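Hi,

Here is the structure I promised to pass on.

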Amino acid sequence: MVTNNPIGAPLDTSITGVKRPFLISGPCSAESEQQVLDTARALQHTGIHLFRAGVWKPRTRPNAFEGIGEPALQWLTAARRETGIPVATEVANTQHVEACLKAGIDVLWIGARTTVSPFAVQEIATALQGTNVPVFVKNPMHADLPLWIGAIERVRKATDAPVWAIHRGFSRYGQQEYRNAPMWEIAIALQMAMPDLNIICDPSHIAGKRELLERVAQKAMDLGMHGLMMESHCQPEAAMSDSDQQVTPAGFEALIQGLTIRDAHTGPSDPANLEALRLQMDSIDEQVIELLQTRMNLAREIGQYKKNHGMTILQMQRWKEVFKTRGAWAQAAGLGPEFIETYLEQVHKESIRVQNEEMSQKKYGK
Ligand code: PEP
Ligand code: MN
């Protein structure tokens, strides 16, 4: 059975025969047998197709909770026995794959920190040779589409089992609204490059906080992505990893029920490409506006500095320099001189406006 989506790929239903959206939920980490079983039981009637829990946790800093390891695989299979829902966990090396195969884990995923390393991905692919366990490949931490494609290809070369992708956003320096920038255009470009690939969105790791999950999940559905992976925990605030982004099983269910899932649609002769290109453009515009906002926030800080140091807002020498350097960058990028001049004039105007606002706010003690 296949269903179309706006980006163009049919849904490969070979795993469970379900229709879009394919739903995955469960805790970030398996913490105890009780926690795994309680969460699985609470999710049993929410309509999920796959239960997830991380057993080996790749953590940024040492001394963080690094997962229970192999013994927790038995908790996953116990949860499957009780609920009938297939189970998935993350693997990062041969030993993980072998332990999962031995325990009979249904689906494996490769995490974002592993996808960045072709050596690690190849090691996993080699360990999977000749098996029939489906594998989901998360995007690499950074925005590198060929690296993501390469990882999928490595696994596909090793096994005939379904290989899907998971879009979990891309790491960026500095504090941003999202924990990981969605950069939807990369997921769309992946779909265009591999039209038969199923792509699941992971709003939890994109959003990083519960309040943003719904917005990200709806966007993923509007883009026609094939499913959602969302972390859930019976007591999210007590979770040993990723506590800010986990929801309760009931919260997960409510969120899913609140989504609008639009039907498949077909368009003119070459709809997928035109639509996919426009969707990428939308995502780029969103990021341009976010960058402009970051730029104006810096202008505010500069406004404060100038105020504190008795400087004037307009520093002609600085702006001459800005026009000169940006003009040269734009020319090298093939942008028209008139366009960049108008753009810079407008940016300058807005920058002066926000600096002015900053100074007058201070002046009147607001
Ligand atoms: C996870 O799914 O819990 C995880 C560690 O994800 P990512 O690899 O996307 O950071
Ligand atoms: Mn997590």
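Below is what turned up, starting with the chain as a whole and then moving to the ligand and a few single residues.

Some housekeeping: this is a predicted model, so local features need pLDDT of at least 70 and side-chain atom pairs count only at pLDDT 80 or more, while totals for chains, interfaces and linings use all residues. Residues are numbered from 1 along each chain as its sequence is written, chains are lettered from A and ligands numbered from 1 in the order in which they are written, and side-chain values use heavy atoms, with hydrogens and water left out.

The chain has 13 helices and eight strands (DSSP runs numbered from the N terminus: H or I of at least four residues for helices, E of at least two for strands). Its C-alpha trace spans about 70 × 50 × 40 Å along the principal axes. Of the 366 residues, 49% are buried (under 20% relative accessible area with a 1.4 Å probe and protein chains only; exposed is over 50%, partly exposed in between).

Now for the ligand. The residues around ligand 1 (a heavy atom within 4 Å) are C28, R52, K57, E90, W109, G111, A112, R113, K138, R168, H205 and E231. By class, that shell has three nonpolar, two polar and seven charged residues. Polar contacts here are pairs of N or O atoms within 3.5 Å. One polar side-chain atom of R52 is 2.7 Å from a ligand 1 oxygen, and R113 also brings a polar side-chain atom to 2.8 Å from an oxygen atom of ligand 1. From A112 it is a polar backbone atom that lies 2.8 Å from an oxygen of ligand 1. On its own ligand 1 has 290 Å² of accessible area (Shrake-Rupley, 1.4 Å probe), and the protein covers 97% of that.

Two loop residues have a positive phi without being glycine. For M183 the angle is near 40°; M183 lies in the loop between strand 6 (163–167) and helix 7 (184–193), and counts as buried because its relative accessibility is 15%. For D242 phi is near 50°, and its loop runs between strand 8 (227–231) and helix 10 (249–257). D242 is at 18% relative accessibility, so it counts as buried.

Finally, where does Y305 sit? Y305 is in helix 11 (residues 271–308) and is partly exposed, at 46% relative accessible area. Y305 and M359 are 54 residues apart in sequence, with 9.5 Å between their C-alpha atoms.

Cheers

Conventions: Polar contact = N/O pair within 3.5 Å; in protein donor to acceptor, adjacent residues only side chain to side chain. Nonpolar A, V, L, I, M, F, W, Y, C, P; charged D, E, K, R; others polar.
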